[in-house]
Amino acid sequence: MRKQTIQYTSPLDALVAVAKRLSLYENQQKMDSEEFFNLYNQGLLSDDALFIEWANDYRHYLALHQELKQRLNYAA
């Protein structure tokens, strides 16, 4: 599997893109990302490629969310 690198013009654009991917996972697996991530981190789910990608996207989402939150607090 070949990985693709995408560059975004802002953290907000990146957050929207990651949120869209998370929504696709959630609809496909019938589980929200937070619940999935908790189960995955507890070792209750397999290391299937889909789950690894979902977990990585969720980590990326959390990091982007935190970055934007910090920027907004700094600007206020």
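This is a predicted model: local features need pLDDT of at least 70, side-chain atom pairs count only at pLDDT 80 or more; totals for chains, interfaces and linings use all residues.
Residues are numbered from 1 along each chain as its sequence is written. Local features need pLDDT of at least 70 and side-chain atom pairs count only at pLDDT 80 or more, while totals for chains, interfaces and linings use all residues; side-chain values use heavy atoms, with hydrogens and water left out.

**Exercise 1. Work out how the rings of F36 and W54 pair, and which parts the pair ties together.**

Step 1: Rings of Phe, Tyr and Trp (its six-membered ring) pair if their centres lie within 6.5 Å; planes under 30 degrees apart are stacked, over 60 edge-to-face, and the rest tilted. That rule gives seven aromatic pairs.

Step 2: apply it. The centres of F36 and W54 are 3.8 Å apart with the planes at 0°, so this pair is stacked.

Step 3: place the residues. Helices here are DSSP runs (H or I, at least four residues), numbered from the N terminus. F36 sits in helix α2 (residues 33-41) and W54 in helix α3 (residues 49-75), so the pair ties together parts that are 18 residues apart in sequence.

Step 4: check burial. Buried means under 20% relative accessible area, exposed over 50%, and partly exposed in between (1.4 Å probe, protein chains only). F36 is buried at 0%, and W54 is buried at 0% as well.

Step 5: look at the neighbouring pair. F51 and W54 are tilted, at 6.5 Å centre to centre and 45° between the planes. Both belong to helix α3, three residues apart, or about one turn, and both are buried. Ring pairs link Y25, F36, Y40, F51 and W54 into a cluster.

**Exercise 2. Check the span of helix α1 and find where its buried residues lie.**

Step 1: the expected span is 1.5 Å times one less than the number of residues.

Step 2: list the buried residues of α1: P11, A14, L15, A17, V18, L22 and Y25. Looking down the axis, they fall within an arc of 165° (taken from the directions from the helix axis to the C-beta atoms), so they line one face of the helix.

Step 3: turn to the other side of α1, where K20, L24 and N27 are exposed. After the helix comes K30, with a positive phi near 55°.

**Exercise 3. Find the salt bridges and say where their partners sit.**

Step 1: a salt bridge needs a side-chain nitrogen of Lys or Arg within 4 Å of a carboxyl oxygen of Asp or Glu. The whole structure has two.

Step 2: D57 and R21 meet at 3.1 Å, N to O. D57 is in helix α3 and R21 in helix α1, so this bridge ties together parts 36 residues apart in sequence. D57 is buried at 11%, whereas R21 is partly exposed at 28%.

Step 3: R71 bridges to E67, with the closest N and O atoms 3.0 Å apart. These two are four residues apart in helix α3, about one helical turn. R71 is partly exposed at 47%, and E67 is partly exposed at 28%.

**Exercise 4. Describe the surroundings of L64.**

Step 1: L64 is in helix α3 and is buried, at 8%.

Step 2: list its contacts (heavy atoms within 4.5 Å). Leaving out residues up to four places away in sequence, L64 touches P11, A14, L15 and V18.
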